[in-house]
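Here are my notes on this model. Please keep the structure open while you read.

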Amino acid sequence: MGAWELLLVGLVIALGLCGVLVPGAPGSWLVWAGVLWWALTNPSGLTWALLVGATVVLLLAQVVRWTLPARRLRASGATPRMAVYAGVGALVGFVLLPVVGALPGFMGGIYLGERLRLGRHGEAMAALRTAMRSGGSSVFTELFACLLIAAAWLGAVVWG
């Protein structure tokens, strides 16, 4: 697989990560499709193992999401700006403190966005609790699964 194709696969995966944060967008499907494309054009044991692993992780994430409360983020006052802060926070947390940093980064991103918008600590904490109770945990579950898959893909491309 050439560098341009790898770049395009990476772009599809990145779009999938962004799509997780947009209600109604097929973010996790795009991440899985990127890994599938990579596995089909570069068949090896590693690529197929990563595709199987990505499938299992996404299926487990869907099972977890079905057990969580339904998404009601719009009704709770969540904005697209909040989703951007949460996504960037999760990504930064995932990179700075590998894997386990995603949750504090996600919640920290929501808090920071709400603190900047509302101006007070108490109101920002209340908005964070409301966002997490009304579907933020579901969004985080899907985003975390996609971050794991993207990191595994990047690791396989760089070191595999």
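1. Start with helix 6. Ala-102, Gly-105, Phe-106, Gly-109, Ile-110, Gly-113 and Glu-114 are buried there. Viewed down the axis of helix 6, the buried residues fall within an arc of 160 degrees, so they line one face of the helix. The general rule is that an α-helix has 3.6 residues a turn, so residues three or four places apart point the same way. Bear in mind that this is a predicted model.

2. What covers that face? The cover over the buried residues of helix 6 includes helix 5 (80–96) and helix 7 (121–159).

3. The length of helix 6 checks out. Helix 6 holds 17 residues, 102–118, and at 1.5 Å a residue these should span 24 Å. Its end C-alpha atoms are 24 Å apart, which agrees. Just after helix 6, Gly-119 takes a positive phi of about 90 degrees.

4. Look next at Thr-141, in helix 7. Is Thr-141 buried or exposed? Its relative accessible area is 16%, under the 20% cut-off, so Thr-141 counts as buried. Leaving aside residues up to four places away in sequence, Thr-141 touches Ala-61, Val-64, Arg-65 and Leu-68.

5. Now the whole chain. The protein chain has seven helices and zero strands. Its C-alpha atoms fill a box of roughly 50 × 30 × 25 Å along the principal axes. For 160 residues, a compact globule would have a radius of gyration near 15 Å; the chain has 16 Å, which agrees.

6. Last, packing and surface. Of the 160 residues, 38% count as buried. Among contacts between residues at least 6 apart in sequence, 65% join residues at least 24 apart. The chain exposes about 8,700 Å², and carbon and sulfur atoms supply 75% of it.

Definitions and conventions
Residues numbered from 1 in each chain as written. Predicted model: local features only at pLDDT ≥ 70, side-chain atom pairs only at ≥ 80, totals over all residues. Heavy atoms only, no water. Helix = DSSP H or I, 4+ residues; strand = E, 2+ residues; numbered from the N terminus. Expected span 1.5 Å × (residues − 1). Buried < 20%, exposed > 50% of the residue type's maximum accessible area, 1.4 Å probe, protein only. Arc of directions from axis to C-beta. Contact = heavy atoms within 4.5 Å. Rg over C-alpha atoms; globule rule 2.2 N^0.38 Å. Areas by Shrake-Rupley, 256 points an atom, 1.4 Å probe, with all protein chains shown as cover.
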